[in-house]
Amino acid sequence: MAADLHRLAITAMAKTHSPYSGFPVGAAILTEDGRTYTGCNIENASYPEGWCAETTAISHMIMDGGGVIAEIAVVASKHPAITPCGGCRQRLAEFGKPATLVHLCNMDGVMETVTLGELLPKAFAMEDEK
Ligand code: THU
C-alpha cells in the first residue's frame with residue numbers, strides 16, 4: 001500500500017503551484033477506512049499565504065466527510081526523503097494517531113517510514129487519549 005500512496009503522491013505533485021520556491025511537493029493520505037486523498041503545495045505571490053501538500057490532502061479528506069489518517073506519503077522531486085514541516089505535523093496529529101505511518105519518499109519510492117509519534121513526540125492535543 002505504501003507504493004500505491006507513493007504513486008498517488010507523485011501524481012498530485014504534478015499539480016503543484018510552486019513558482020516561487022520551485023519546490024514541488026505531493027502528498028497522499030490513506031484513511032483507516034480505506035479512502036485516499038491527495039494534495040500538492042499551493043503557493044502565493046504573498047509568500048506566507050501559501051500552504052503545503054499535506055494540508056491540501058487533509059482539506060480534501062475533511063471536505064469528503066473527515067476520517068482518521070492511517071498513512072501518508074509525502075514526496076518532493078528535489079528532496080531525497082522529504083519530511084512534513086512542523087505545522088503539517090501538528091495538522092496530521094489532529095487527524096491521525098501516534099501510530100500513523102508517514103512514508104518519506106523521493107521520485108524512486110518510499111525511502112523511510114516513520115510514525116507520526118516519532119515525528120512529533122508529546123504533540124499538543126486537546127484530549128488526553130491522543
Ligand atoms: N512544503 C510542503 O508542501 N510540504 C512540506 O512538508 C514541506 C514544504 C512546501 C511548502 C512550499 O510551497 C515549498 O514546499 C517550499 O518550502
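User: Two strands pair if DSSP finds at least two bridges between them. With that settled, which residue in β4 stands opposite E71?

Analyst: Heads-up: this is a predicted model, where local features need pLDDT of at least 70 and side-chain atom pairs count only at pLDDT 80 or more, while totals for chains, interfaces and linings use all residues. Residues are numbered from 1 along each chain as its sequence is written, and side-chain values use heavy atoms, with hydrogens and water left out. Helices (H or I, at least four residues) and strands (E, at least two) are DSSP runs, numbered from the N terminus. β3 and β4 pair in the parallel sense over five bridges, and the residue facing E71 across that pairing is L101.

User: How many of the eight residues of β3 are buried?

Analyst: β3 runs antiparallel to β1, joined by seven bridges, and V75 in β3 is the bridge partner of G26. On its β4 side, A73 has H103 as its bridge partner. Buried means under 20% relative accessible area, exposed over 50%, and partly exposed in between (1.4 Å probe, protein chains only). β3 is largely enclosed by the rest of the structure, because its buried residues number seven.

User: Within what arc do the buried residues of α3 fall, seen down its axis?

Analyst: In helix α3 (residues 86–95), the buried residues are C88, R89, L92 and A93. They line one face of the helix, because, taking directions from the helix axis to the C-beta atoms, they fall within an arc of 145°. As for what that face meets, those residues pack against α2, β3 and α4 (116–119).

User: How far is the backbone oxygen of C40 from a polar atom of the side chain of T56?

Analyst: T56 is in helix α2 and counts as buried, at 9% relative accessibility. Leaving out residues up to four places away in sequence, T56 touches T38, G39, C40, I42 and W51. With C40, the distance from its backbone oxygen to a polar atom of the T56 side chain is 2.7 Å.

User: What kind of pair do the rings of Y20 and Y47 make?

Analyst: Rings of Phe, Tyr and Trp (its six-membered ring) pair if their centres lie within 6.5 Å, with planes under 30 degrees apart counted as stacked, over 60 as edge-to-face and the rest as tilted. That rule gives one aromatic pair. Y20 is in the loop between α1 and β1 and Y47 in the loop between β2 and α2, so the pair ties together parts 27 residues apart in sequence. The ring centres are 5.5 Å apart and the planes are at 45°, so the pair is tilted.

User: What distance separates the C-alpha atoms of G50 and H17?

Analyst: G50 lies in the loop between β2 and α2 and is partly exposed, at 29% relative accessible area. Not counting residues up to four places away in sequence, G50 touches I42, E43 and N44. H17 is 33 residues from G50 along the chain, and their C-alpha separation is 9.3 Å.

User: What is the phi of K122 near?

Analyst: Most residues other than glycine have a negative phi. K122 sits in the segment after α4 and counts as exposed, at 84% relative accessibility. Its phi is positive although the residue isn't glycine, with a value near 55°.

Key: Contact = heavy atoms within 4.5 Å. Polar contact = N/O pair within 3.5 Å; in protein donor to acceptor, adjacent residues only side chain to side chain.
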